Amino acid sequence: MPFAVQLFFDSTHELIIQNAQEELAKGGVSFSTLDSAVRPSLSLALYDDLDITACVGKLKVFAEMFSPFALTFSCLGIFPGGKAVVYLAPNVNQKLLDIHAYIHQLLKDSGTSSSMNYIPGYWIPHCTLALDIDPNLTARAIEIGLSMPFPVHCQVEEIGVVECWPVKHLCSFGLGG
């Protein structure tokens, strides 16, 4: 099972994003992200195999070193393909890039190498709103996604690890100790 290292947002904006995910589910576009174990997040890395004990210890230390920080989602994006993904795209800043690179360095010996789509230089930061979208419903997904109140200004407050599909929250730590 794959494992994702993720950043989580403040509860107010987590709810705003969950509401958008619910609207997409109600619109018949996607149901994949509408699950109580799936919190809106921004994935930093995705591993096929991960030493959870080592990862948890390293993330705990990481969380103590880094303070919560502001992040703004200013647009909607799409990963095209047979089954598309619609996502919120953040304004990328140096802090986000530094944290991303640091996590990859920190966890380089804790598991298999991260999925190519998540390594520094290839990573497209995103918060998934809907996935596995039927090509005939992509336009509807974009229409629903654009009804969100942009820009979405949030605080990144936690870092954690989830096991994927089905999603199982393994741990999270508040930034700033």
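I began at D132, which I placed in strand β5; helices (H or I, at least four residues) and strands (E, at least two) are DSSP runs, numbered from the N terminus. I note that this is a predicted model, in which local features need pLDDT of at least 70 and side-chain atom pairs count only at pLDDT 80 or more, while totals for chains, interfaces and linings use all residues. Residues are numbered from 1 along each chain as its sequence is written, and side-chain values use heavy atoms, with hydrogens and water left out.

**Entry 1**

I looked up the phi angle of D132 and found it positive, about 55°, although D132 is not a glycine. D132 counts as partly exposed because its relative accessibility is 48%; buried means under 20% relative accessible area, exposed over 50%, and partly exposed in between (1.4 Å probe, protein chains only). I then turned to the peptide bond between F150 and P151, which is cis with omega about -10°. P151 sits in the loop between α4 and β6.

**Entry 1. The largest pocket**

I recorded a volume of about 680 Å³ for the largest pocket. For the term, I used a 1 Å grid over the protein atoms alone: a pocket is an open set of points with protein on both sides within 12 Å along at least five of seven lines, whereas a cavity is a set of points where a 1.4 Å probe fits but cannot get out. Lining residues have an atom within 4 Å of a point. Grid points are joined across faces, edges and corners, and the volume is the space filled by probe spheres set on the points.

I listed 31 lining residues, with S43, Y118, H126, T128 and L131 nearest the centre of the pocket. Strands β1 (3-9), β2 (41-47) and β5 (127-133) each contribute at least two residues to this lining. By class I found 19 nonpolar, nine polar and three charged residues in the lining. Here Ala, Val, Leu, Ile, Met, Phe, Trp, Tyr, Cys and Pro count as nonpolar, Asp, Glu, Lys and Arg as charged, and the others, Gly among them, as polar.

**Entry 2. Salt bridges**

I found four salt bridges in the structure, each defined as a side-chain nitrogen of Lys or Arg within 4 Å of a carboxyl oxygen of Asp or Glu.

One of them pairs R39 with E14, with the closest N and O atoms 3.0 Å apart. Because R39 lies in the loop between α1 (11-26) and β2 while E14 lies in helix α1, the pair ties together parts that are 25 residues apart in sequence. E14 counts as buried, at 12% relative accessibility. I also noted that E14, R39 and E158 are linked in a network of salt bridges.

K26 and E23 form another salt bridge, with 3.5 Å between the closest N and O atoms. These two residues are three apart in helix α1, so about one helical turn separates them. K26 is exposed, with a relative accessible area of 64%, and E23 is partly exposed at 40%.

In helix α4 (residues 138-145), R140 and E143 are three residues apart and therefore separated by about one helical turn. Their side chains meet in a salt bridge of 3.1 Å, N to O. R140 counts as partly exposed at 35% relative accessibility.

I looked up C154, located in strand β6 (residues 152-163). C154 is buried, with a relative accessible area of 4%.

I next took C55, in helix α2 (residues 52-65). C55 counts as buried, at 0% relative accessibility. C55 and G160 are 105 residues apart in sequence, with 9.5 Å between their C-alpha atoms.

I119 lies in the loop between α3 and β5. I119 is partly exposed, with a relative accessible area of 23%. Between the C-alpha atoms of I119 and A45 I noted 7.0 Å, the residues being 74 apart in sequence.

**Entry 3. A surface patch**

Finally, I recorded that V61, M65 and Y102 form a nonpolar patch on the surface, with about 270 Å² of accessible area together. Patches are made of residues with over 30% relative accessible area and no salt bridge, like charges being joined within 9 Å and nonpolar side chains (Val, Leu, Ile, Met, Phe, Trp, Tyr) within 5 Å. The accessible areas come from the Shrake-Rupley method with a 1.4 Å probe, and for residues only the protein chains shown count as cover. Y102 belongs to helix α3 (residues 94-106) and counts as partly exposed, at 31% relative accessibility.
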